Amino acid sequence: MRPITAPEPRCQNLQRHLQAPLQACHGGAGALHVHRAFERGSGEVVDFIDLVRLPPGSSIGRHRHGQNQERYLILGGAGAMWFEDEWRAVQRGDLLTNPPGGAHELRNPGPEALELLVFQCSDGQGPVEEQP
């Protein structure tokens, strides 16, 4: 299983690739680090955002979507994801973008829960359905 180590258009770790510190954001104190994971202007609309918790031994079976693009942001824990025809180790901070029609699967073989946000985006025209 290949770990996520470098920023790629469809596979990146948000924590390892933070932008330069931003001082006194909106008049606040100290510095914060930001990695913008999604930005308006791509022509996409968000179909849904789900908070998902996979207990140890659980999985999301291999599936694909039609013209929708789905992003998985790993919030906590670690697991294995079938992505781009190979298994990848995933961990907190990883953001994976499943392209339209791309097959993907997520497993939690570890001892603790795997938590993630799932964002599905589209052009806003088609159905918000999964395809087997």
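**Stop 1: the nonpolar core**

Start by selecting Leu54, Tyr72, Ile74, Met81, Phe83, Val90, Leu96, Leu106, Leu114, Leu116 and Val118: these 11 residues form the largest nonpolar core of what is a predicted model. Strands β7 (69–76), β8 (78–83) and β12 (114–122) each contribute at least two of its residues. Which strand gives the largest share? That is β12, with three residues. As background, nonpolar side chains in soluble globular proteins tend to be buried together.

**Stop 2: methionine 81**

Stay in the core and pick methionine 81, one of its members. Leaving aside residues up to four places away in sequence, methionine 81 touches Tyr72, Glu86, Trp87, Arg88, Val90, Leu96, Asn98, His104, Glu105 and Leu106.

**Stop 3: strand β11 and its partners**

Next, select strand β11, residues 104–107. Which way do β8 and β11 run relative to each other, parallel or antiparallel? They run antiparallel, joined by four bridges. To see one of these pairings, select tryptophan 82, whose bridge partner in β11 is glutamate 105.

Now bring in β6, residues 59–65. β6 and β11 also pair in the antiparallel sense, over three bridges. Select histidine 63 and you can follow the pairing across to histidine 104, its bridge partner in β11.

**Stop 4: a salt-bridge network**

With β6 and β11 still on screen, show the side chains of arginine 62 and glutamate 105. They meet in a salt bridge, 3.0 Å from N to O. The two residues sit in distant parts of the chain, 43 residues apart, with arginine 62 in β6 and glutamate 105 in β11. Are the two ends buried or exposed? Arginine 62 is partly exposed, at 44% relative accessible area, whereas glutamate 105 is buried, at 8%.

Arginine 107 counts as partly exposed, with 39% relative accessibility. Through shared partners, the salt bridges join Arg62, Glu105 and Arg107 into one network. In general, side chains of opposite charge can pair when their charged atoms come close.

**Stop 5: glutamate 86 and arginine 88**

Move on to strand β9, residues 86–91, where arginine 88 lies. Select its side chain together with that of glutamate 86: the two meet in a salt bridge of 3.4 Å, N to O. Arginine 88 is buried, with a relative accessible area of 1%, while glutamate 86 counts as partly exposed at 27%. How many salt bridges does the model have in total? The count comes to four.

**Stop 6**

For the last stop, select valine 46 in strand β5, residues 45–54. Valine 46 counts as partly exposed because its relative accessibility is 42%, between the 20% and 50% cut-offs.

Technical notes: Residues are numbered from 1 along each chain as its sequence is written. This is a predicted model: local features need pLDDT of at least 70, side-chain atom pairs count only at pLDDT 80 or more; totals for chains, interfaces and linings use all residues. Side-chain values use heavy atoms; hydrogens and water are left out. Buried means under 20% relative accessible area, exposed over 50%, partly exposed in between (1.4 Å probe, protein chains only). A nonpolar core is a set of buried Ala, Val, Leu, Ile, Met, Phe, Trp, Tyr and Cys residues joined through side-chain atoms within 4.5 Å. Contact means heavy atoms within 4.5 Å. Two strands pair if DSSP finds at least two bridges between them.
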